[in-house]
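Thanks for coming, everyone. Please take a look at the structure on the screen, and then I'll walk you through a few parts of it.

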Amino acid sequence: MTHGVSLDWLELPPALDQARLPMPPSTADFLQLAQLANLLTSLFWGTNDFYESPENRLAAARSRGDFRMDYVVARLADDADAPGRIVGYGFLGLAREPGASTAEVWVGVHPGFRRRGIGSALLGEVEAEALRRGRTTLQSWTDNALVDPAAVGSGPVFVRGASLETGLTPVVPPAGERPGTGYPAVRSDAPDAAFAAAHGYGLAQLEWCSVLDLARAAGSALQVESASTLGEDYELIGWQGRCPDEYAEPMADLLGRMTADAPAGGLEVAPEAWDVERLRAEERAREAIGLSMVTTAALHRGSGRLAGHSDIETFRDLPQAAYQGNTLVHPDHRGRRLALLLKAANVSRLLRVAPTTQRLYTWTAEENPAILRANEELGFVPVSTHPGWQKRL
Ligand SMILES: CC(C)(COP(=O)(O)OP(=O)(O)OC[C@H]1O[C@@H](n2cnc3c(N)ncnc32)[C@H](O)[C@@H]1OP(=O)(O)O)[C@@H](O)C(=O)NCCC(=O)NCCS
C-alpha cells in the first residue's frame, strides 16, 4: 500500500454485463476506470470528441495477435463512502513483435488526488512490470497544451495558463537529441511534462494535433483534387471498412512499409511485418469496437500495386468526430504530390460516406513538413501539442 492507495492489476471482465446484479467486481472496476479515463480526456480537451465507451475500451484492451494491453489501478484504501474507489490508473502496452524491446506506458490520476505520489506509484509498478517482461525502452504519448492556432508559426502561445512572456519555459533537450527544426512547443510546467521529467523521461518526438472543420472542408479538398496532374498512370480507388479482396495483398505490402518509413524522431520503432492475415485480423479488431476505416488508395495501373493510401477512422459511438490514420506513399511513387491528393480525396469520401462528422483530427510529427504543409493546404489548424517521451531502463 502506498499513500493511502493500493495498486491492483485488473483482471479484465469477459464482457460488460451491466444488467447483472450484483455487478461482478471486474466489471465494476473496468467501468470506474473507463469513466476516469473519459474524465481526464474531456478535462484536457473541453470536448467529448475523445470519449471512449467502456465496451470499446474493453475490446481494445483484450489481447490481440499483435498487441497486449494491461491496466493497473490505484484504489483508495479508506474511502468510507465509496469503498474501492479508483482514483488513478496506468497501462502497459506491449507490441508482440519478436524481440521487441519497447513498451508503451501511461498513467493518469484524478485531479482531486494529484501531488500525493499516486502517479509515481502507478508508474513504478508499470515500469517494473515492463522490465519483468523484458522491455527496456519505455515510451509514452501525452497531451501537453492547447495552442492558439493564430500564434502557430510566430512562436508558441498557449491558450491555457501562462503565456510565453509570463513564464513558459520550453523544454529544450540537449543539442543532437531531438531531430527536426520546429520551435520548442512543450510546456514544461504542464503536469505531463513535469511528471515525465521527474521520472527521467526525455522528449523524443513532438507531434501537433490539428483539426479540420468539415463544414468548410469540401472546397479546399475539391480544389486539390481538380489541380492534380497525376494523369493516366494512377487510378484513385477507395472503400469503407474491410479492404476488398483484390487489393488486400498490395495493401498489406504497403502497411509493412509504414513503420519502416514514417518519421519517428528519436523514438525506437520495431519494424512490423504485415500480410493479408494480419490485415484481416486488424480489420476484425476494428469492427469489434465499431471502428470503420474510410480509405482512399492510388492504384498504379502499370504494376497493379498500390502506390499509396490514406485512412480516416470513424467510430459508431462518435458521429461528430473522425481521426486521420496513416497516409503513406511508396518510395517509388513519391514527389508527385500524391499524399496531398490522397488526403484530399479521402476527406471528400468522408464527407460522402459519414456526413454527420463535424471535425477531423490529425496528429503529425513536427519533422514531417510534407504532411504539415498538406494539412495546412486542406484547412487543418493546430490545436494542441502531443509530445512523445522515452526512457531507457
Ligand atoms: C501526470 C500525472 C499522472 C501526475 O500524477 P500525480 O499523482 O500528481 O503524480 P505524483 O504526485 O507522483 O508526482 C510526482 C512528481 O512529478 C512532478 N509533478 C507532477 N505533477 C506536477 C505538476 N502539475 N507540476 C509540477 N510538477 C509536477 C513533481 O516533481 C512531483 O513530485 P512532487 O509532488 O514531490 O513535487 C497527473 O497530473 C495526470 O493524471 N495528468 C493527466 C494525465 C497525463 O498527462 N499523464 C501523463 C503521464 S504518463
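Let me start with a definition. A residue is buried if 20 or more other C-beta atoms lie within 10 Å of its own, exposed if 12 or fewer, and partly exposed in between, with C-beta atoms placed from the backbone. One caution: this is a predicted model, where local features need pLDDT of at least 70, side-chain atom pairs count only at pLDDT 80 or more, and totals for chains, interfaces and linings use all residues. Residues are numbered from 1 along each chain as its sequence is written.

Now take Ala 196. It has 24 C-beta neighbours inside 10 Å, so it counts as buried. Ala 196 sits in helix H4, residues 191–198. (Helices are DSSP runs of H or I, at least four residues, and strands are runs of E, at least two, numbered from the N terminus.) What does Ala 196 contact, leaving aside neighbours within four places in sequence? Tyr 201 and Trp 389. Contact here means C-beta atoms, placed from the backbone, within 7 Å. Ser 120 is 76 residues away along the chain, and its C-alpha atom is 10.0 Å from that of Ala 196.

Next, the cores. A nonpolar core is a set of buried Ala, Val, Leu, Ile, Met, Phe, Trp, Tyr and Cys residues joined through C-beta atoms within 7 Å. The largest one has 44 residues. Met 251 and Leu 306 are among those with the most contacts inside it. Helix H8, residues 338–353, gives the largest share of this core, 9 residues. Apart from this core lies another, of 30 residues, including Tyr 89 and Leu 123.

On to helix packing. Axes are lines fitted to C-alpha atoms, for helices over the stretch in contact, and angles run from 0 to 180 degrees between N-to-C directions. H8 packs with helix H9, residues 369–378, at about 40°, with axes 10 Å apart. That makes H8 oblique to H9. The cut-offs: under 35 degrees is roughly parallel, over 145 roughly antiparallel, 65 to 115 roughly perpendicular, and the rest oblique. Among the residues that meet are Leu 340 and Val 347 in H8, and Ile 371 and Leu 378 in H9.

Last pair: helix H1, residues 25–45, and helix H2, residues 54–61. Their axes come within 9 Å and cross at roughly 105°. H1 and H2 are therefore roughly perpendicular. Phe 30, Leu 31, Ala 34 and Ala 37 of H1 make the contact with Pro 54, Arg 57 and Leu 58 of H2.

Note on methods. Contact = placed C-beta atoms within 7 Å.
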